[in-house]
Amino acid sequence: MSSLDIADRLRPQDGRARVAVNGQPIDLRVSTLPAALGEKVVIRILDSRATVKSLDSLGLNTNETEGIRRLLENHEGIILVTGPTGSGKTTTLYSCINQIKSEGVNIVTVEDPVELQIRGINQVQVDEKAKKTFPAALRAILRQDPDIIMVGEIRDLETAEMAVQSALTGHLVLSTLHTNDAPGAVARLLELGVPAYLLNATLNGVMGQRLVRTLCPHCKQKVAFDRAEEHEDWNALVAPWKANRPAQIYKPVGCLECRMTGFMGRIGIYETLLFSSEIKKLVNEKADLTVIRDQAFKEGMKPLRISGAMKVGAGLTTIEEVLKVAPPVLEAG
């Protein structure tokens, strides 16, 4: 169904298929990996109804939504979304494109692979065999007079240079990067070889994110916030920020609706770094990452754990879920 070679079990393969569930089309991304005891198979389920969201439905806090909207008002520059594999970066990029697409706006994406087909935009599939790489596709796209370019991922210096060149020539570029947090994107791009002055000239902002499981609304149970271990976990979550402790939290129980797991669906936790003049100055001075992170905190960036703490207080998830995925805060002003 996904056009894989079923006779070849000695090399990794990737494919995609579309199936109908209750009359609705569902896309499947199929990945195989030869292992010692046989093939390992992972199927990623992509539902376009659930994946192409509005910014308001992503779970952003009010100040984060305002920050992203302000970034998307730019007509040029680079906006990055960072996080590990499977943290929802592509969903966020699709939501950003959904926010700004309109008639007469030429939007082109370069993806590997094209995860979801969106009406009204041009999507290019990377094909290494045909030498249609990220940089090669970007060069061709620049001759197509685009307004907005989405690059699936910045993996190497050549792709980073093409993204920077696109931003310098008056295009808005959206892309993803694999880093632990938003400030880490600066260090990663410098490490790839992007000069600091070009980074300062093009980077508008970075959004770091993770996904946490949301409590099942049918069976979640209120618990008083009074046990000593809960206090310890909360202090670990919000340290060194002094966030108010909620009067009550919720715990997972399990029912038929959530298949006895206690959780249903996932929601994002975010941190948004706006590239201010002070941060640009630190980048020029080749300041340590902790100094850049500290300056971002002073300017109002809230770390992933604080975004998670707000979701815990709202009864959407648990302290344990946030601690599991959000990195500890190394430094704060």
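1. Basis. Residue numbers start from 1 along each chain as its sequence is written, and side-chain values rest on heavy atoms, with hydrogens and water left out. Because the model is predicted, local features require pLDDT of at least 70 and side-chain atom pairs pLDDT 80 or more, while totals for chains, interfaces and linings use all residues.

2. Confidence. The mean pLDDT (the predictor's confidence in each residue, from 0 to 100) is 88, and 96% of residues reach 70 or more. Helix α1 (residues 48-51) has the lowest mean, 65, and strand β4 (residues 77-82) the highest, 95. Helices (H or I, at least four residues) and strands (E, at least two) are DSSP runs, numbered from the N terminus.

3. Salt bridges. Eleven are counted, each being a side-chain nitrogen of Lys or Arg within 4 Å of a carboxyl oxygen of Asp or Glu. Arg213 and Glu321 form one of them, with the closest N and O atoms 2.8 Å apart. This pair joins strand β9 (residues 203-215) to helix α12 (residues 319-325), across 108 residues. Glu321 also forms a salt bridge with Lys324, at 3.0 Å; the two lie three residues apart in helix α12, about one helical turn.

4. Glu321 is buried, at 5% relative accessible area, whereas Arg213 is partly exposed at 33% and Lys324 is exposed at 58%. The classes are buried under 20%, exposed over 50% and partly exposed in between (1.4 Å probe, protein chains only).

5. A further pair. Arg9 and Glu39 meet in a salt bridge at 3.9 Å, N to O, and are 30 residues apart.
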